[in-house]
Amino acid sequence: MIPRRGPAALLPPLGGLLAGAVLWETASRTADAAFLPPLTRVLARLTELTADGRILPSLLSSVLNLVLGLAVSLAAGLTLGTLMGRYRAAEAALGIYMYALLTAPSLVFAPVFFSLFGPGRTSIVAVVVMYSLFVIVITTASAVRGVPAQLLEMGRVYGAGERQLLFRVVLPAALPMAMAGIRLGVGRAVAGMINGEMFIAVVGLGRLLTEAGGSFDSATVLAVLLVVVAVALVAIGITHWVDRRLTGWLPETSRT
């Protein structure tokens, strides 16, 4: 199937958002439940929070935590994943730790980071890294292992050394699947950002959620959640944009 391009590509997601908004508003007014205020009231509360100057500083603080955590995860994840996928010794030495930490609940490490780094930004960034690093490592390793042997053999036939094979054959061929892992890592990083801010330092958007939840202010909780969702969508959108730029040489049917 050929994907839509241009304005027509926006119709399905916009239609889904509109349907979700109508469903939310209708269900809320029908149920008349305090824990589910109507979307219009949530949007009004979001406007009030923005006008009061509470959203933007918290948003900037949270985004900085997210960017720092993702930068560490990308640098470490792509490096470790490439080593594990390319060299059996690295896979044997690191694989058990990577798979164990991937399946472990990341939030349980929050008290450890709090003890090590205190209630500051470093602890939150560490939580973001715990959420996003290991899926990037495992996916990158699988992508590198999945590079067709014919490509490697062709490179060797043309006299490529190990370094040339790695940077000119292996990494370009593994990039599409590695980008899929990065997209998963970005989504998990946003969850780590909020959990770290709520359970360690109580700053940023996590602080607003904690305060509103403590006073059972559902409208504020949902308003802040809308901002969190917007941050996640923008982060994933940027990742898709980078993916298209880096893998533009591939046919559409070969992209993950």
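**Exercise 1. Which side chain does Thr-220 join through a polar contact of 2.8 Å?**

Solution. This is a predicted model. Start with position. Thr-220 sits in helix α10, which covers residues 218-246. Next, check burial. The relative accessible area of Thr-220 is 4%. The cut-off for buried is under 20%, so Thr-220 is buried. Now look for the partner. The side chain of Thr-220 makes its 2.8 Å polar contact with the side chain of Arg-45. Finish with the neighbours. Leaving out residues up to four places away in sequence, Thr-220 touches Arg-45, Leu-49 and Ala-212.

**Exercise 2. Classify the pair of rings formed by Phe-113 and Phe-117.**

Solution. Begin with the count: one aromatic pair is found. Its ring centres, in Phe-113 and Phe-117, lie 6.3 Å apart, and the planes meet at 20 degrees. A pair needs centres within 6.5 Å, and planes under 30 degrees apart count as stacked. The Phe-113 and Phe-117 pair is therefore stacked.

Now place the two rings on the backbone. Both belong to helix α5, residues 110-117, and they are four residues apart. That spacing separates Phe-113 from Phe-117 by about one helical turn. An α-helix has 3.6 residues a turn, so residues three or four places apart point the same way.

Phe-113 is buried, at 12% relative accessibility. Phe-117 has a relative accessible area of 44% and is partly exposed.

**Exercise 3. Describe the largest nonpolar core and find the element that gives the largest share.**

Solution. Take the size first. The largest nonpolar core holds 29 residues. Leu-66, Leu-205 and Val-224 have the most contacts inside it. Then list the contributors. Two or more residues come from each of α2 (39-51), α3 (55-86), α6 (121-145), α8 (162-201), α9 (204-214) and α10. Of these, α10 gives the largest share, eight residues. There is also a second, separate core of 16 residues, which includes Val-125, Val-127, Phe-134 and Ala-141.

Zoom in on Val-224. Not counting residues up to four places away in sequence, Val-224 touches Leu-49, Leu-205, Leu-208 and Leu-209. Helix α9 has Leu-205, Leu-208 and Leu-209 among its buried residues, along with Gly-204, Gly-206 and Ala-212. Just after α9, Phe-216 takes a positive phi of about 55 degrees.

**Exercise 4. Compare the UniProt transmembrane ranges with the helices of the model.**

Solution. Read the record first. The unreviewed UniProt entry lists "transmembrane region" for residues 63-84, 96-117, 123-144, 165-184, 190-209 and 221-242. Residues 123-144 are 100% helix and 0% strand, with end C-alpha atoms 31 Å apart. Residues 165-184 are also 100% helix and 0% strand. Their end C-alpha atoms are 27 Å apart.

Methods. Residues numbered from 1 in each chain as written. Predicted model: local features only at pLDDT ≥ 70, side-chain atom pairs only at ≥ 80, totals over all residues. Heavy atoms only, no water. UniProt positions renumbered as here; feature names shortened; annotations may be inferred. Phe/Tyr/Trp six-rings, centres within 6.5 Å; stacked < 30°, edge-to-face > 60°. Buried < 20%, exposed > 50% of the residue type's maximum accessible area, 1.4 Å probe, protein only. Polar contact = N/O pair within 3.5 Å; in protein donor to acceptor, adjacent residues only side chain to side chain. Contact = heavy atoms within 4.5 Å. Core = buried A, V, L, I, M, F, W, Y, C linked by side-chain atoms within 4.5 Å.
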